[in-house]
Amino acid sequence: GVLVLRVAPADAPTIEYAVPHLRDRINAHYGYQAVSRIKLLQRAPPARPRPGPAPAPTPDVGKSDLGPALRASLAGIEDAELRTSLAALGQAIQDRERKSGR
């Protein structure tokens, strides 16, 4: 049979070089001449979906119990959006540590 492999154009020369070895390994695995020929299709890999926007920070992040060390480290950050995001991250880490008993 013919084994058709879809490869990225940049990888085609490397795989083309390895085709005889691949064919021999596949046939050795099956114990008979399962693959007589390997055909390469040079195609770009499928597009990956882009991640969606990050969820908006919860409005009560500033009111939660952040702890004195986290509050002190956030005090020097002037950008309100960055400060809110870092507070949410710090809160999530603290919550995870509380749940795991650290």
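Author: D24 has a relative accessibility of 47% and counts as partly exposed. Buried means under 20% relative accessible area, exposed means over 50%, and partly exposed lies in between, with a 1.4 Å probe and protein chains only. The model is a predicted one, in which local features need pLDDT of at least 70 and side-chain atom pairs count only at pLDDT 80 or more, while totals for chains, interfaces and linings use all residues. Residues are numbered from 1 along each chain as its sequence is written, and side-chain values use heavy atoms, with hydrogens and water left out.

D24 is found in helix 1. Helices (H or I, at least four residues) and strands (E, at least two) are DSSP runs, numbered from the N terminus. The C-alpha atoms of D24 and V35 are 8.5 Å apart, although 11 residues separate the two along the chain.

N27 also lies in helix 1. With a relative accessible area of 7%, N27 is buried. The side chain of N27 makes a polar contact of 2.8 Å with the side chain of Q33. A polar contact is a pair of N or O atoms within 3.5 Å; within protein, one must be able to donate a hydrogen and the other to accept it, and residues adjacent in sequence count only if both atoms are side-chain atoms. A polar atom of the N27 side chain also lies 2.9 Å from the backbone nitrogen of A34. If neighbours within four places in sequence are left aside, N27 is in contact (heavy atoms within 4.5 Å) with Y32, Q33, A34 and V35.

The largest nonpolar core has 6 residues, namely V7, A12, V19, V35, I38 and L40. A nonpolar core is a set of buried Ala, Val, Leu, Ile, Met, Phe, Trp, Tyr and Cys residues joined through side-chain atoms within 4.5 Å. In soluble globular proteins, nonpolar side chains tend to be buried together.

I38 touches L3, L5, V19, L22 and R23, not counting residues up to four places away in sequence. V7 lies in strand 1 (residues 2-7) and, at 7% relative accessibility, counts as buried. Beyond neighbours within four places in sequence, the contacts of V7 are A12, I15, L40, L41, Q42 and R43.

Now the rest of the chain. In sequence order, the protein chain follows the pattern β-α-β-α-α, with 3 helices and 2 strands. Helix 3 (residues 80-100) has 21 residues, and its buried residues are A87, G90, Q91 and Q94. Seen down the axis of helix 3, these buried residues fall within an arc of 105°, so they line one face; the arc is that of the directions from the helix axis to the C-beta atoms. The cover over them includes helix 2 (68-75). The face turned away from the buried side of helix 3 carries the exposed residues E81, R96 and K99. D79 caps the N-terminal end of helix 3, where a side-chain oxygen lies 3.3 Å from the backbone nitrogen of E81.

Over the whole protein chain of 102 residues, 17% count as buried.

Note on methods: Expected span 1.5 Å × (residues − 1).
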